[in-house]
Structure formats: C-alpha cells, structure tokens
Amino acid sequence: MFPASRYSCQARRCVRLLQKIKTEHATPQLYTTLHRRACSTVSTPRITTHYTIHPRDKDPRWEGVEMERFADEADVVIVGGGPAGLAAAIRLKQLANKHEKELRVCLVEKAPQIGAHTLSGACLEPSALTELIPDWKERGAPLNTPVTEDVFSILTEKYRIPVPMMPGLPMQNHGNYIVRMGNLVRWLGEQAEEVGVELYPGYAAAEVLFHEDGSVKGIATNDVGIAKDGSPKDIFERGMELHAKVTLFGEGCHGHLAKQLYKKFNLRENCEPQTYAIGLKELWMIDEKKWRPGRVEHSVGWPLDRNTYGGSFLYHLNEGEPLVALGFVVGLDYTNPYLSPFREFQRWKHHPFVAPTLEGGQRIAYGARALNEGGFQSVPKLTFPGGLLIGCSPGFMNVPKIKGTHTAMKSGMLAAEAIFPKLTAETLDSETAGLHVPEYAENLKNSWVWKELYAVRNIRPSFHNYFGLYGGMIYTGIFYWIFRGKEPWTLKHCGTDANQLKPAKECTPIEYPKPDGKISFDLLSSVALSGTNHEGDQPPHLTLKDDSIPVARNLGIYDGPEQRFCPAGVYEYVPLDTGDGMRLQINAQNCVHCKTCDIKDPSQNINWVVPEGGGGPAYNGM
Amino acid sequence: KCPRVSPVVTLCYCFVSPQIRVKPDNTGVVTDGVKHSMNPFCEIAVEEAVKLKEKKLIKEVVAVSCGPQQSQETIRTALAMGADRGIHVDVSGKDYENLGPLQVSKILAALAKQEDAQLILLGKQAIDDDCNQTGQMTAALLDWPQGTFASEVSLEGDKINLVREIDGGLEHIKINTPAVITADLRLNTPRYATLPNIMKAKKKKIATVKPADLGVDLTSRLEVLKVEEPPQREAGMKVETVEDLVVKLKEAGRV
C-alpha cells in the first residue's frame, strides 16, 4: 500500500508516460504494468503459478531439489495417440516387420487410456484406413454404421429449407461410415500394440528437447507432484526424457508443443494464420421409434446469423442401441463477444426439426474440442531438423466435408513412409543430430490429401462477404460443384481468430433461453458428463502471461468472452472479497482440453500447457 | 530381529469414471469402454508394502489382481510402484460379472497358502461396489488376525502395531503375524508410477492362474434381481418459521 503522496506522484508520472506511448506499439506487459500502477487500488491476486511462467531455477522453494531426468532412447517418438499418431506408428512398425528391421517406436499420450480424449462427429471416409489396414473389417474395426440417408437443411427460427444433396457436393456421404471415433482410436491402439508399438497413455509430453545444434532431440514427459502454489510436494518426480532420431508431433488441433515449434523454427512464415472452430458434441439414447440408423443430418443457419460460420450435425448410429451423436460447430472468427457456442448448441436442439428426435431420450455424454478450418492456406512448413508435424496439428481438415480424420491418418502414414528409409539406411544421412525428413512434405504435396485440400480451399474464405452464409453457399455451388475448385485464385482468410472480436460496447448481448433440463441443459451438468477430472493440487495449466490482463483488457473491453466461449466453465469473473472490482477465477479442474481459450483469447494472454498426464476428460466412444 | 514376511498385496481393478449409467435391461451398469484403473485404496496398500520393503522389514512384494485380461494393467502399475512380481487370476465374462468379495477372498486364501505369505495388504473397499468385505472374509477363511481401516502400521518383532480409524476415534491394536491388513485413506500418499518405472515393469514377471487351478469355486450365492438409477434429486423448499416446517413434515408423512 503506497502512502497517498507517493501514489499520486507515481500516478501523475504514469499518466504522462501513457500519453506518450501508443497502445498498439507497447508490448502488452508494459502497458498493463503501467496501467496497474496507475490504478493500484485494484491489486491483482496471483493466478498463475506454473513454472513455464515462473521459472523454477529462480524460485527459492526449488533449491536443492533433484532435477536430473532419466533418459531413454528410441528410434521414433510420437507425441499424441490420435488417428494420425497411431497411423504413423502402425505404418512404421508394418514397414519394420516387413523388412525385418528392429525399430523402437514409442508413443506418448496425455489421456489415461487411448481414446479417452478423442472427440469427433463423425462420418469417416474409410480411404486412409483401408490403405493402412486393408482387412479392417475382419479385424473388428468399429465401423458398424454405413451412411444410408444424407439430409442437409438451412434452418430458420421455425422452419427448415431442405437442400438437395447432389452427388459431387463435398458434404455428400455416400460410402462413408458413422463412427464413434473414441472407439476407433481405441481399436487403432490395439492394432498398434499388436505390431509392436510401445504405447504409454497417461504420460503427457510437456517439453521439447533440443540438441546443441538446435535440432529436436526428443521430448520430456510432465513432472508430477507439484503443488497448486508451484512448490514441490514430497512425491515430486521429474518427468522422463525420451530421445529419438526423429519425433512426430501429432497433438491434434492447436497443440501446445507445436505452438512452441512454430516460433522456434519459423514454420508459419509463408502461410496464413490457422483459423478454427469449436465443436460441441453430445451422445443421446433416444426413443426407439425415432431411431433411423445410418441417417446423417447437417444444418446451417439458425440459431447463428448469416455472418457467423457454423452449423450442426446429427448422426444415427447403428450399434445395437438407439444412440445418436449430435453437435454444433461455431467458427471462432465470430465477432460478438457475447456469443456463447455452448448456449447456441443448447438452443439449436429446440428447433422443431431437431427437438422431436430428442424428446423422450436421455443425454449420456458431452464434450467439446476445437477444430481447424484454415485448410490449404494455413498449412505451415511441416518438417524441421529432428521432427515433423502430422494430423490436425498442422491441420489437414477438409472443411466443407467436415472430415479431417482420413487426411490426418494419411499424413501419419506418409510421414512413416518418408522416415523409414532414412532411419534404416546404412549411414545416417543428416546434417543435424536430429533427422530432417523434408521428403515427407514433398510426398504429402504429391498425394490425394493435397489435391483434396486444394480443391476446397476457397469454400471457407468465401463466407467472408456481405451475404455471409448465402454468399458462401452460392460460391460453393458454382466453383466447387461445377468447376471442382479449379479457379485460379486463392482467397485469403481474415487474420487470426483472436483479432476478430469487436469491443463489447459495439455489440448487442444475446438473449439465450434458459435450459429446460430435458432437451437443453446448463453448463455445469454438461461438464460433469464429460467425466473430466484433474489432480486438484497442481498449478493451473491455463497459464496467463500477465495476471492483470484479464480484468484490465478482456473484461474491460470485451466483457470477458472467455466466460462464454469456454465449453467447460473454466473461466469465471467473480467479485473481489474486498467488494470493489472483479477477479478472474480459473477452475482448471473443469478443463476438457479443447484449446479454444488459447485460440480465441483477444489478448492472446492465455497459454494452455499440458497438465499432469492422465487428467482431462474421460470420453467413452465420443 | 526383523521378520522375513513376504506380503501379498491385492488390487482391485475397478471402474473410476464418474459417469456411470444403468444398462437398458436393468441387470447392471455399463462397463464397456468405461475408464478402469487401480482402486485408490489399493494404491495406498501397494505404497505401504513398498515402504515396508524399502525399510527392509519384508522380503518381497507380490501384487495380485482378479479379473479379465485388462486387469494386468493394474498389476503393471503396482510393479512400477515397486512390487517385485505379479499374479493375475484370470476371471472373465459371466464369472467376472458375478465376482464378489466371497469369491475373491477364497482366491486370496488359496494364494496365500500357496505363496506362504505372512502378510496380506488390501484396500479397505473398492470404490465401484463399496463392499468393504474382502479383507475381513480373507482373514476369516485363513483364521488370521485382521487389522482393518489401518491409518498407521509398524512391525515389531513378529507382531504388528496398528492404528485403526473407527467411528469413535483411533484404536491402537497389536496383532500377530501372519495377518490381513486393509488400508484406509490416511495410511500414506501413494507415489506416482513414473514412466521409467512403467518401462522397467514390463520386464517384471506376471504369472497367470485360473481360479480352478487354486481349487476355488466361483459360484455366487447372490443373484442380482434389478439395478436402478437412484431417484432424481428433487428441489428443496424454504420455509419461514419452525411452525411451517412442522406442518410440511406432517404433510409429507414424516412426523
């Protein structure tokens, strides 16, 4: 507490400095430090205690703690046990077994079991799976629901305009399967173990390791036993180092290690920033009379306005019980900070075309995850010395088809096929200690993945016009359906999603209906259904670069959009105990690892890092 | 003179997901795909056994689990925490659905005799069925002393000093070996099974046996008639005065 005279003197100095500095040019930390001193009656309680923000080598509580890590060597380390990582692992071991070579492939995955953090619609195009495991049917892959009906609608508040699903349109699903992706990933994990991949679920890759020449050496798993305030507990254990000749990063959309690699190796200098959407999903057990197995329904329009990209899906599974998977996707380039993707999802379910299917049913699961929408324009450089990026991490999703699994798996397989000859060559031909495999990127560009992404590259950006959704649909009809994406131009995106939010005072709050508890539900009961849990006594893994920015900027200018876009209720602005002002409360235990906050925070102050392995949602066949 | 006891630690492979739902035919709960892992009280039991071994008070820690193939994962975790070897009693399918404390304690009694164990450590109860019976039944079948709800264990010669957490407070007892001890929450804080230890554990031995090999009959004496969800919690109501409360209680037939 400063005495009054000293405070006012400091305040006057600060105000003079503020008038000199233009806020766009000052770094956020500098601005808010001055801002904080200028209004020092509101002191910011400490929120972030994670060692990535408060390094341990300067922290007296960590003096004398043994920080040496056990290290082990593998040939290939794969970060992430999703479709891309597992496809790469399986392909590597298939090649090794075929050519009778010894190859140690280790895969680390933060979920407590393979598939527990997997969430997807999903309508799977089986092309990549058939290339990887041609006899998947005999091996019992859980592709049990071929698509029988494909329905597309434009919704208005009360009505529905049907859109004919003509062959050739990207959304057409003939030949595809409705799957529970978590079950497919679990099955892929079993296939991987059969061919000799070492799978380590429950261990998160927390740090990238580098050789002295700057190439990637491998990864280190998370430390365990750090208390909430950042101090070491009695059971503190250092993570382990896994060294590899080459490391594959398949963390899925907006991976936290990939974020560091983009900076370190400048991988994004020649591509557009990635754009994203958030997908929320529920599983419902419905009344048998309403069940139409194999039916696929997609819609656009209500409840979103024509300038907010998004839409819904509803798939009737056929696995012996009347189960439907349904959900809602909202493009994260939305401009209104009052928009809540969760509540848009909940109110969409009340539409007269949707509600009858759900009446009399019971919701049994909930979850959410961010997904890529950048497509062709946003693919970064894919390889760097010692590593490469696969799957949704660099982002190969075909947005109008809303499918990214087949391209993710193919990218994993291409990576394996590019790496294998280099690993098993007589002499290790590499300038750097970590193997550089630029052949992977070349092979990808020559594959059907690239052709597919190129053909649909202009569909998503075509929504950025005055007519919004309708302009985009007309563009798709003309240039994709008729001309197959061969137009010579490539449209640009609008910049990062975080920069799209308009200040709250320029926007109107949205009146959402209250959940009725039968079809629509409140946030907390939904989060409970995700089964998410984390060890409570650990530093919050939603770290803030500057603890004062949320109240000063996010709440001050944008009315705290993180309270609304987080699908798990992690962020709450609560009144201070002293009565005046608010503070940000982070309920890290609720986190479902969707990554939306890291993407959409207008101040880009939130940095999601991986919590202790084994924590997070417990999705079952999502 | 320290007793050379070789304990057997038994582990429950139980489901730990917070979201459980009843099967549509009301015969049980859905277990397919639900997250399973080691029972938290059993983690504490393993930790205690490993601590005793580190103090050189016991010779060898053997981890046992009864269940399907996947329960071997739980044994691996125990091996990663410091157990020396594992025994997987293979019970699957219908037998596994009917496996209850009585059957498990018969298996443990048979194993204890076979392994010449001097100490059996278990968790006090499993968090999926909350039975709190296996330890007690095992002791009865073997005619061994039991120390249940242990919050402190110390070996003294060939006797064990135990502090038990009971409703009235803490009870101090002294029992002979061989004995059965069940672990309560405050006995210790289990260590993490770190990745290097999980990797080393892959090399440790897990033997598989069938209940028939141990001469155990798994027939259940219980038949589940029906499983139902608990009734939905109803909203409460506020009353202004004590008189109102009494009236409401009388209306609800409670008074």
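How much area do chain A and chain B bury between them, and what percentage of it is on carbon and sulfur atoms? Please then look closely at helix 9 of chain A and its packing with helix 3 of chain A.

Tutor: This is a predicted model, in which local features need pLDDT of at least 70 and side-chain atom pairs count only at pLDDT 80 or more, while totals for chains, interfaces and linings use all residues; side-chain values use heavy atoms, without hydrogens and water. Residues are numbered from 1 along each chain as its sequence is written, and chains are lettered from A and ligands numbered from 1 in the order in which they are written.

To your first point: chain A and chain B bury about 2,000 Å² between them, 62% of it on carbon and sulfur atoms. Buried area is the accessible area (1.4 Å probe) that two parts lose on being put together, summed over both. On the chain A side, Tyr200(A), Tyr203(A) and Ile235(A) lose the most area to chain B, together 25% of what that side buries. The contact (heavy atoms within 4.5 Å) takes 29 residues from chain A and 21 residues from chain B.

Now to helix 9 of chain A, which spans residues 405-424. Helices are DSSP runs (H or I, at least four residues), numbered from the N terminus. Two packed helices are described by the angle between their axes and the distance between the axes. Axes are lines fitted to C-alpha atoms, for helices over the stretch in contact, and angles run from 0 to 180 degrees between N-to-C directions.

Helix 3 (residues 83-98) of chain A packs with helix 9 of chain A at about 35 degrees, their axes being 7 Å apart. The crossing of these two helices is right-handed, meaning that the near helix is turned clockwise from the far one by less than a right angle. Among the residues that make this contact are Ala84(A), Ala88(A) and Leu92(A) of helix 3 and Ala408(A), Gly412(A) and Ala416(A) of helix 9. By class, the contact has 12 nonpolar, 2 polar and 2 charged residues. Here Ala, Val, Leu, Ile, Met, Phe, Trp, Tyr, Cys and Pro count as nonpolar, Asp, Glu, Lys and Arg as charged, and the others, Gly among them, as polar.

Helix 9 also packs with helix 11 (residues 448-455) of chain A, at about 145 degrees and with axes 10 Å apart. This crossing is left-handed. His406(A), Thr407(A) and Lys410(A) of helix 9 meet Trp448(A), Val449(A) and Glu452(A) of helix 11. These residues divide into 2 nonpolar, 2 polar and 2 charged.

The largest nonpolar core has 120 residues, and Phe249(A) and Tyr440(A) have the most contacts inside it. Helix 9 of chain A gives the most to this core, with 10 residues. Such a core is a set of buried Ala, Val, Leu, Ile, Met, Phe, Trp, Tyr and Cys residues joined through side-chain atoms within 4.5 Å; buried means under 20% relative accessible area (1.4 Å probe, protein chains only). Beyond its neighbours within four places in sequence, Tyr440(A) touches residues including Ser411(A), Leu414(A), Ala415(A) and Ala418(A). A second, separate core of 73 residues includes Ile278(A), Trp291(A), Val330(A) and Leu358(A).

Definitions and conventions
Buried < 20%, exposed > 50% of the residue type's maximum accessible area, 1.4 Å probe, protein only.
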